[in-house]
Structure formats: structure tokens, C-alpha cells
Amino acid sequence: MENQDKDYVRIFDTTLRDGEQCPGAAMSENEKLEIAHLLAKMKVDIIEAGFPVSSPVQFQAVERISREVDGPVIAGLARAMQGDIESAAKALKSARKKRIHTFIASSPIHMKHKLGKKPDEVLKMAIEAVKIARDFVEDVEFSPEDGTRSEWEFLREICEAVIEAGATTINVPDTVGYTTPEKYGELFSFLKNNVRGADGIIFSAHCHNDLGLATANSLSAVKNGARQVECTINGIGERAGNTAMEEVAMALRTRKDFFSIATRIDTTLIARASHLVKTITGMVVQPNKAIVGSNAFAHESGIHQDGVIKNRETYEIMTPQSIGLESNRMILGRHSGRAGFKDRIIRMGYNPGQEELESAYTRFLEIADKKKEIFDEDIAALFADENRKSKTDRFLLTYFHISTGSTTVPSATIKLKVDDVQIEESSTGDGPVDAVFKAIAKAAHISPELSKLVISPVTEGQDALAEASVTLSHKGKLVVGKASSTDILEATALSFVNALNRL
Ligand code: KIV
Ligand code: ZN
């Protein structure tokens with residue numbers, strides 16, 4: 001079987017680290033865990049779970065993923081500093097398979113202006129970092145940050161030195177998205193052919209998409225010997241994002257005639273992962289995005305439709321089923337019992353405790369009352385809502401009434417439990433959303449600014465669940481709140497309350 005070949009491309013997913021680093025994509029611990037479980041189910045090889053030293057929240061998330069997610073190697077990021085490495089080692093302690101990923105910048109511009117260090121000092125720090133990391137784990141990855149703008153001879157030197165110090169993977173980041181496929185490929189070929197010890201380690205590609213070349217660059221690296229690609233679901237990440245995992249996995253699968261190498265990813269979970277990451281981060285996927293955009297498999301023009309009907313392959317190089325589309329089978333309805341619901345969610349990969357199951361089932365019945373057909377995506381949205389709840393939540397929306405119309409001033413009345421005290425407030429606004437936000441903000445005694453509101457349907461149809469994702473900014477902090485409901489305004493109000501709880 002091709003996927004069992006020893007020579008394969010490892011997928012190193014950094015959605016929870018580099019992906020989360022982009023503005024507004026911060027995730028809660030439960031949300032990270034939910035994504036990590038799905039990544040494990042997709043059979044990604046390595047999950048970069050976070051940057052433990054950067055904050056207690058990051059540390060706890062890496063620790064919890066290490067404890068609870070089985071299958072992939074769990075990686076933690078660390079600068080080439082003892083404290084960072086110790087923190088990563090501590091957070092990764094319970095992981096069955098663990099990796100410390102340490103990095104230091106190697107380009108002249110970064111060394112001079114960011115680090116204020118000479119190449120010799122950087123080289124020493126890199127060696128030292130890898131040695132310290134090796135005291136804790138056997139699997140150590142080293143990245144010369146801004147690798148593509150580094151001098152090749154210095155890169156060769158630093159790679160040789162860290163291999164000797166014990167690095168098992170060398171990742172060459174295109175940190176600023178500057179390289180081109182040809183150059184990046186040449187660089188891998190140069191390193192593979194000139195670095196002493198190159199045969200014993202894995203070379204890895206890590207690209208940013210500033211020039212829209214991240215996937216092309218990563219694939220060129222693979223063509224030239226890279227056997228790990230670092231990527232994120234939906235390509236989320238700093239600035240223009242990182243290499244999109246779905247693009248790499250599907251390119252290698254669809255063009256195996258050209259690449260002659262595969263990943264071990266279960267591509268049929270791509271659509272679900274894309275949806276989950278979109279919902280959790282609130283970062284919408286452009287309709288024409290390769291693989292996971294809503295138009296990626298839509299054939300609008302008559303000529304194309306005619307061709308596809310006659311023979312699918314006239315205009316379709318991949319099937320929607322290969323990424324798990326059309327899996328949103330109608331599965332349950334209002335007459336489905338607790339047993340049917342439980343059976344379905346377990347088959348979908350959820351494993352709730354009794355209390356969580358009861359609360360999810362009650363919510364399911366509420367949705368089933370308003371919506372005839374419940375799809376897998378609806379259940380995923382329902383569990384995402386459950387996961388967002390936390391015992392430390394201070395605010396709970398218990399009632400809302402909104403009135404609006406072409407000749408009335410929009411107004412809203414809400415009841416909000418604040419630390420168990422019921423508070424009623426009303427407000428008018430520029431529109432119904434503005435009115436309900438103002439009423440909730442009054443009751444909560446917080447007035448954050450609304451930076452972004454995204455509402456998207458979970459499935460098709462007029463009675464579809466809507467998912468609202470709201471980004472608030474308050475005292476320099478950005479938080480995202482999310483919620484779903486068959487009622488758009490209710491989803492929006494609940495997402496606002498979720499964001500306030502996260503503040
Ligand atoms: O882009 C980058 O250089 C990184 C490193 C930390 C690997 O994300
Ligand atoms: Zn990066």
C-alpha cells in the first residue's frame with residue numbers, strides 16, 4: 001500500500017501554534033483540544049501544540065494536549081534558550097511521543113537587528129539549545145529562522161553543527177514568504193548534498209504565503225528531498241498565512257504521478273477540519289480557496305456542467321468525497337432517541353461524559369424542534385458550543401427580545417446572569433445587532449469595541465444553523481466569541497456573551 005511506504009511526507013501541523021499566532025485566531029484550551037483530536041484522527045504525524053513559555057494559557061494547552069491526544073508526536077516550540085526549552089519539556093512531559101522544536105534566526109538582517117548577535121554567537125546558541133533539548137527528549141527539531149534569507153554557507157554550517165549536537169529534524173523556514181519554488185527547491189538540494197549527516201535526519205519545509213507561493217514552495221522542497229511539511233488547516237497563520245495542509249495533502253495525492261510520494265493523511269477529514277478551524281477561529285475561508293472553498297467543487301457554467309455530467313473527469317481532478325464532502329448525511333431528527341444520538345456522536349469521534357452527553361442531547365432536541373434534518377455538521381457545531389462553555393463563565397444570557405423594522409428604531413431587551421445575579425437591560429441601536437450588543441454590554445458593565453462579526457451557515461437550507469463569530473477588542477486585547485443557533489440574532493447575541501466570558 002502506497003501510504004505504508006517508509007518514504008513518505010510527514011505532515012507537521014502548526015495550526016495551534018503558527019496558525020493561532022495571527023490576530024484574532026486565539027483559541028481556548030478546549031477548542032485547541034478539539035482541533036488536536038481531529039488532527040490525530042486525520043493521522044497528522046506531528047502536532048505543534050503551542051509555544052509553552054509564551055504564556056500560562058499556552059503552557060496549559062500543550063500540557064493538556066500531551067496528556068489527552070494519542071497518536072501523533074506532540075511538539076512544543078522553544079527559542080534557543082534554556083528557560084524556553086525547559087518549559088517545553090515540562091509541558092510535553094505526559095506526551096507518549098514528544099518533540100522539542102527550537103529555533104534561532106540565522107539571516108544577517110535578523111542576527112544584526114533582532115538578536116544583536118554575531119553569527120558565531122548564534123551558532124553557539126543553536127548547538128547549546130539542541131544539546132539541552134536532547135537532555136529531555138530524543139526527537140529534536142531545529143529551525144534557522146528566516147532560513148531563506150540566510151547565507152547558504154552559514155546554513156550549511158549551522159545544520160551540520162546542530163545535527164552533531166543531536167537534532168533529528170531540520171526545518172528551513174521561509175519566515176517572511178520571500179522565496180520562490182525554484183530557489184527553495186535548490187536550497188533543499190544544496191543542504192541535502194552538502195550537509196554532513198544529512199542522510200540521518202529529516203529536512204522540513206515551513207512556508208509563509210506572503211507572495212501566494214507557500215504551497216508551491218513546500219511542494220518544490222518535497223521534490224528536492226524534504227520529507228516533512230509544516231502547515232496549517234485553511235492556511236491560517238501570520239500575515240498572509242502558512243502553507244495550507246489540505247493543499248499539500250491533495251496535491252501529493254492527486255499528482256502522485258509527478259511527486260511519487262504521499263502523506264499518511266486521511267484526506268476524507270479535510271472538509272470537517274476546515275469547517276472546525278473556521279468556526280473556532282472565526283477566520284472565513286474565501287469561496288474560491290483551493291480544496292476547501294465553497295466553490296472548489298462547484299461547476300457553474302453550462303459547458304462545465306455538461307462535461308461533468310458526461311464524464312466527471314472532464315473538469316474535475318479530485319472528487320468532493322476525497323475530502324469528505326457530501327458526508328453531511330441526514331442522520332437524526334426530532335424523533336431520534338438518546339441511544340441513536342449517542343451512537344451517532346460516538347461514531348463521529350466524540351466521547352462525552354454523562355453530564356456532557358445529557359446537556360448535548362437537550363441542546364440537540366432544542367435544535368431538532370426548529371430544524372427538520374440534523375446533519376453531522378450540526379452536531380459538530382453543537383459540540384463546539386458545549387466545548388466553549390466553561391465553569392468559570394461569569395455571564396449567561398437567559399432571555400432576549402429584539403424589535404426592528406423599516407420604520408422603527410431597533411431596540412433590544414435582554415436578561416443576563418452576571419455571577420448568578422439576574423440583570424435586565426434594554427438599549428436601542430443603529431440596527432438589531434448593535435442594540436443587543438449595547439444591552440448586553442450595559443448589563444455586563446464592559447464596553448468593548450466590536451471589531452468583526454462573521455455569520456456563516458453550518459449546512460445548506462433555509463432552516464440551517466447559523467454560526468456567529470464575533471471579535472471584540474478591549475484594553476488592547478482581542479478576543480473571539482462564537483455560538484450557533486437557528487436564529488441569526490440569537491447566535492450573534494450568544495457569541496457576544498461567549499466573547500465577554502473569554503475577556
Ligand atoms: O516562520 C517561522 O520562521 C517560524 C519558526 C518559529 C519555525 O514559525
Ligand atoms: Zn512560521
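**Exercise 1.** Which residues of helix 16 are buried?

*Solution.* The model is predicted. Take residues under 20% relative accessible area as buried. In helix 16 this picks out Asp-376, Asp-378, Ile-379, Ala-380, Ala-381, Leu-382, Phe-383, Ala-384, Asp-385, Glu-386, Asn-387 and Arg-388. Since 12 of the 13 residues are buried, helix 16 is largely enclosed by the rest of the structure.

**Exercise 2.** Describe the largest cavity and its lining.

*Solution.* Start with the count: there are three cavities of 30 Å³ or more. The largest has a volume of about 80 Å³. Its lining consists of 13 residues, and Lys-278, Thr-279, Gly-282, Ser-456 and Ser-469 lie nearest its centre. Next, assign the lining to elements: helix 12 (270–281), strand 14 (449–457), strand 15 (466–474) and strand 16 (477–485) each supply at least two residues. Strand 15 gives the largest share, three residues. Last, sort the lining by type: five residues are nonpolar, four polar and four charged.

**Exercise 3.** Which residues line the second largest cavity, and how do they divide by type?

*Solution.* The second largest cavity has a volume of about 40 Å³. Ser-66, Val-69, Asp-70, Gly-71, Pro-72, Ile-74, Ala-95, Arg-96 and Lys-97 line this cavity. Sorted by type, the lining holds four nonpolar, two polar and three charged residues.

Terms used:
Residues are numbered from 1 along each chain as its sequence is written. Chains are lettered from A and ligands numbered from 1 in the order in which they are written. This is a predicted model: local features need pLDDT of at least 70, side-chain atom pairs count only at pLDDT 80 or more; totals for chains, interfaces and linings use all residues. Side-chain values use heavy atoms; hydrogens and water are left out. On a 1 Å grid over the protein atoms alone, a cavity is a set of points where a 1.4 Å probe fits but cannot get out, and a pocket is an open set with protein on both sides within 12 Å along at least five of seven lines; lining residues have an atom within 4 Å of a point. Grid points are joined across faces, edges and corners, and a volume is the space filled by probe spheres set on the points. Helices (H or I, at least four residues) and strands (E, at least two) are DSSP runs, numbered from the N terminus. Ala, Val, Leu, Ile, Met, Phe, Trp, Tyr, Cys and Pro count as nonpolar, Asp, Glu, Lys and Arg as charged, and the others, Gly among them, as polar. Buried means under 20% relative accessible area, exposed over 50%, partly exposed in between (1.4 Å probe, protein chains only).
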